[in-house]
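Let's take a look at this one together, starting with the rings and then moving on to the charges.

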Amino acid sequence: MDEQALSVRDAIISRRSIKSFNGQPVEQSEIDDILADAIWAPNHGNRNPWRFVLAAEENYEQFLEVLREFGVPKWKELSDETLAKQMSKFTSASAAMFVIVPEDTRQKQRHEDFAAASTMIQNVQLLAWDKGIGTCWKTPGFLDDPKFRDVLGVKPGERIISMLQFGHFDELPKSKPRTPVEDIITYWQAEPTE
């Protein structure tokens with residue numbers, strides 16, 4: 001068994017969303033290994049309410065054309081320099097994974113599945129961080145575009161909840177303050193009885 005580099009606490013507190021990747025490739029096998037562990041997230045009724053579409057390695061290079069088409073408005077009208085700048089949000093990463101969940105018609109199950117998939121995504125981010133791989137969970141508007149959904153093979157009754165980018169990075173973003181727990185917790189107490 002591989003020795004863990006970070007404690008769970010250290011991984012949670014030190015993890016950052018990486019938006020500036022350095023272009024160094026992340027191998028598909030590394031992402032596959034991360035996913036094999038991440039799917040152990042708690043999920044209601046063990047429904048495993050997720051599936052993935054992953055573009056990595058040479059497939060990611062080809063997928064950049066899809067991201068250009070849907071992620072850069074009016075890209076054909078842009079200069080090469082402007083297009084390259086707009087595409088850098090995609091080209092500096094080395095893989096993108098889309099997390100797809102069922103859109104159950106029953107509200108309770110739909111909410112449970114979304115919550116479970118969200119915990120699985122955090123598992124992915126923490127496991128990647130432990131390997132020195134940065135991630136960023138994005139929800140661009142084109143995830144709901146019917147043509148984009150067709151490109152990914154998303155079926156009726158399914159929803160894309162995340163575009164998760166993977167890549168290596170040189171600079172660690174500064175942490176942003178969190179609201180202190182004492183400001184957001186209420187300690188419930190039973191009313192005194194007479």
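## The ring cluster

Phe63, Phe70, Phe98, Phe142 and Phe148 are joined into a cluster by ring pairs. This is a predicted model, and in it the count of aromatic pairs comes to six. Take Phe70 and Phe148: they pair edge-to-face, with 5.4 Å from centre to centre and 70° between the planes. That pair links distant parts of the chain, since Phe70 sits in helix α3 (residues 57–71) and Phe148 in helix α6 (residues 146–152), 78 residues apart.

Is Phe148 buried or exposed? Phe148 has 0% relative accessibility, so it counts as buried. Phe148 also pairs edge-to-face with Phe142, at 4.9 Å centre to centre and again 70° between the planes. Phe142 counts as buried too, because its relative accessibility is 9%, and the cut-off for buried is under 20%.

## A charge over a ring

Elsewhere, an arginine meets a ring. Arg68 lies over the face of Trp75, 3.8 Å from the ring centre.

## The salt-bridge network

Side chains of opposite charge can pair when their charged atoms come close. Searching the whole structure turns up five salt bridges. In one of them, Glu112 meets Arg47 at 2.8 Å, N to O. Glu112 belongs to helix α5 (residues 107–130) and Arg47 to the loop between α2 and β1 (51–56), so this bridge ties together parts 65 residues apart in sequence. Arg47 also bridges to Asp113, at 2.8 Å, N to O. Here the loop between α2 and β1 is linked with helix α5 across 66 residues.

Glu112 has a further salt bridge with Lys108, at 2.4 Å, N to O. These two are four residues apart in helix α5, so about one helical turn separates them. Through shared partners, Arg47, Lys108, Glu112 and Asp113 end up in one network.

How accessible are these residues? Asp113 is buried at 3% relative accessibility, and Glu112 is buried with 13%. Arg47 counts as partly exposed at 34%, while Lys108 is exposed at 55%.

## A buried arginine without a salt bridge

Where does Arg15 sit? You'll find Arg15 in the loop between α1 (8–14) and α2 (28–38). Arg15 is buried yet has no salt bridge, and Asp130, the nearest side chain of opposite charge, is 12 Å away.

What Arg15 does have is a polar contact, side chain to side chain, with Ser17 at 3.5 Å. Leaving out residues up to four places away in sequence, Arg15 touches Asp10, Gln125, Leu126 and Trp129.

Methods
Residues numbered from 1 in each chain as written. Predicted model: local features only at pLDDT ≥ 70, side-chain atom pairs only at ≥ 80, totals over all residues. Heavy atoms only, no water. Phe/Tyr/Trp six-rings, centres within 6.5 Å; stacked < 30°, edge-to-face > 60°. Buried < 20%, exposed > 50% of the residue type's maximum accessible area, 1.4 Å probe, protein only. Lys NZ or Arg CZ within 6 Å of the ring centre and 35° of its normal. Lys, Arg positive; Asp, Glu negative; His and termini not counted. Salt bridge = Lys/Arg side-chain N within 4 Å of Asp/Glu carboxyl O. Polar contact = N/O pair within 3.5 Å; in protein donor to acceptor, adjacent residues only side chain to side chain. Contact = heavy atoms within 4.5 Å.
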